[in-house]
Amino acid sequence: MTLESYGTAAIAPPERAAHWSAIIADTYFPLHLSYRDPATFQGRLERRGMGRVSLSRLRTEPARYERVPGLIRQGEAEEYLVTIPSLAPVLFRQLGRDITCAPGGFIVERGDEPYRFAYQARNDLLVMKIARGALAERLRQPDRLCATVFDGREGLGGLFAETVRRAHAMPADPAGSEVLGRQLVELLALALDRQAETDAGAATVIRAAHLKRAQDTILRNLTDPALSPQTVAAACGISKRYLHDLFGDTGTTVAQFIREARLKAARDMLQMPGDLSLAAIAYRFGFSDQAQFSRLFRAMFGQTPSSYRAACRAGRQG
């Protein structure tokens with residue numbers, strides 16, 4: 001694919017911010033952009049396709065790019081961006097991690113997860129966009145490598161970064177671009193996998209922290225009738241897909257965890273003195289009717305709510 005170029009130089013100052021936002025959305029995906037001075041902002045973007053990847057170069061004034069939940073659509077293509085800054089550090093936040101990637105490094109961003117990306121001085125960035133499936137074919141759980149700074153100067157990381165620079169600058173050659181695109185994917189996977197060997201422990205700790213936060217959110221909101229995977233994900237600042245991935249590590253689902261936590265809370269209430277009806281307890285913890293509550297309770301604890309309450313009362317009297 002030939003090199004395509006876009007910029008703001010010929011755009012009237014009041015329209016530059018909106019024009020640049022449209023360029024960014026068309027090249028990557030919709031983002032919320034903010035600028036130090038929208039009227040004086042200048043940006044230039046060059047892009048080209050290379051088989052399963054696309055490469056782009058951005059030269060811009062300071063800006064902030066936010067992938068907010070409202071811009072992430074259900075069923076949207078799962079893609080990663082790999083960004084290599086050349087002039088100024090990039091401040092990046094995703095999946096609860098805050099990092100600074102200085103020139104000489106590179107980072108991976110998951111496009112279907114919320115994130116914030118900013119630089120406070122004029123910058124020159126190379127960006128590679130790749131489908132999640134293309135990377136997942138060569139690398140186990142690539143999500144664990146998001147929001148991590150990788151070395152773009154030495155070893156395989158350095159070779160990858162230099163190959164991206166050369167690939168972006170090469171003359172148009174459809175056959176050569178296809179081959180080079182495949183090589184870039186292979187190099188990226190090798191570079192990420194090599195550094196990930198030393199970062200595996202930290203990634204595991206981060207996933208565990210996200211999982212505990214999600215579980216705590218559920219346990220605090222068991223009586224909320226609107227409690228669902230979607231509301232839990234929103235409260236934790238992650239996508240529903242990532243939330244399901246976290247619970248998948250435990251061999252259960254979000255819905256199953258919510259249901260079992262509610263049944264345990266209902267069981268605890270049945271142990272307490274009082275005459276609150278079984279229907280009221282069922283509704284309190286989000287069950288649609290008493291029959292459903294009784295069926296699920298029996299499946300989990302081996303007896304009906306009424307027999308369990310009777311046994312508890314008999315025990316207190318004895």
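**Cavities, pockets and packing in the predicted model**

About 120 Å³ of space lies in the largest cavity, where a cavity is a set of points, on a 1 Å grid over the protein atoms alone, at which a 1.4 Å probe fits but cannot get out, and where a volume is the space filled by probe spheres set on the points, with grid points joined across faces, edges and corners. The model is predicted, so that local features need pLDDT of at least 70 and side-chain atom pairs count only at pLDDT 80 or more, whereas totals for chains, interfaces and linings use all residues. Residues are numbered from 1 along each chain as its sequence is written, and side-chain values use heavy atoms, with hydrogens and water left out.

In total, the structure holds 3 cavities of 30 Å³ or more. The lining of the largest cavity (residues with an atom within 4 Å of a point) is formed by Ile 24, Tyr 28, Leu 31, Leu 58, Tyr 65, Leu 81, Thr 83, Glu 109, Tyr 115, Phe 117, Leu 125 and Val 127. At least two of the lining residues come from each of β6 (79–85), β10 (115–119) and β11 (123–131); strands (E, at least two residues) and helices (H or I, at least four) are DSSP runs, numbered from the N terminus. This lining comprises 10 nonpolar, 1 polar and 1 charged residues, with Ala, Val, Leu, Ile, Met, Phe, Trp, Tyr, Cys and Pro counted as nonpolar, Asp, Glu, Lys and Arg as charged, and the others, Gly among them, as polar.

The second largest cavity has a volume of about 100 Å³, and of the 11 residues that line it, Leu 95, Asp 143, Arg 144, Ile 206 and Tyr 242 are the closest to its centre. Helix α4 (residues 174–220) gives the largest share of this lining, 3 residues, and the lining divides into 6 nonpolar, 1 polar and 4 charged residues.

Open spaces were also identified. The largest pocket, a pocket being an open set of points with protein on both sides within 12 Å along at least five of seven lines, holds about 390 Å³ of space. Of its 16 lining residues, the closest to the centre are Pro 69, Ile 72, Gln 74, Ser 239 and Lys 240. Both α5 (229–236) and α6 (240–248) supply at least two residues of this lining, and α5 gives the most, with 3 residues.

An open sheet of 7 strands runs in the order β1-β3-β4-β11-β6-β9-β12, with antiparallel pairing, two strands being paired if DSSP finds at least two bridges between them. Because β1 (4–7) and β12 (150–151) stand at the edges, each with a single partner strand, one side of each is left without a neighbour in the sheet. Strand β9 (residues 105–110) pairs with β12 over 2 bridges in the antiparallel sense, and Phe 106 stands opposite Phe 150 in β12.

Helix α7 (residues 254–270) packs with helix α9 (residues 290–301) at an angle of about 90°, with the axes 10 Å apart; axes are lines fitted to C-alpha atoms, for helices over the stretch in contact, and angles run from 0 to 180 degrees between N-to-C directions. The two helices are therefore roughly perpendicular, a term for angles of 65 to 115 degrees. In their contact (heavy atoms within 4.5 Å), residues of α7 including Leu 263 and Leu 270 meet residues of α9 including Phe 293 and Phe 297.

Terms used: Parallel < 35°, antiparallel > 145°, perpendicular 65-115°, else oblique.
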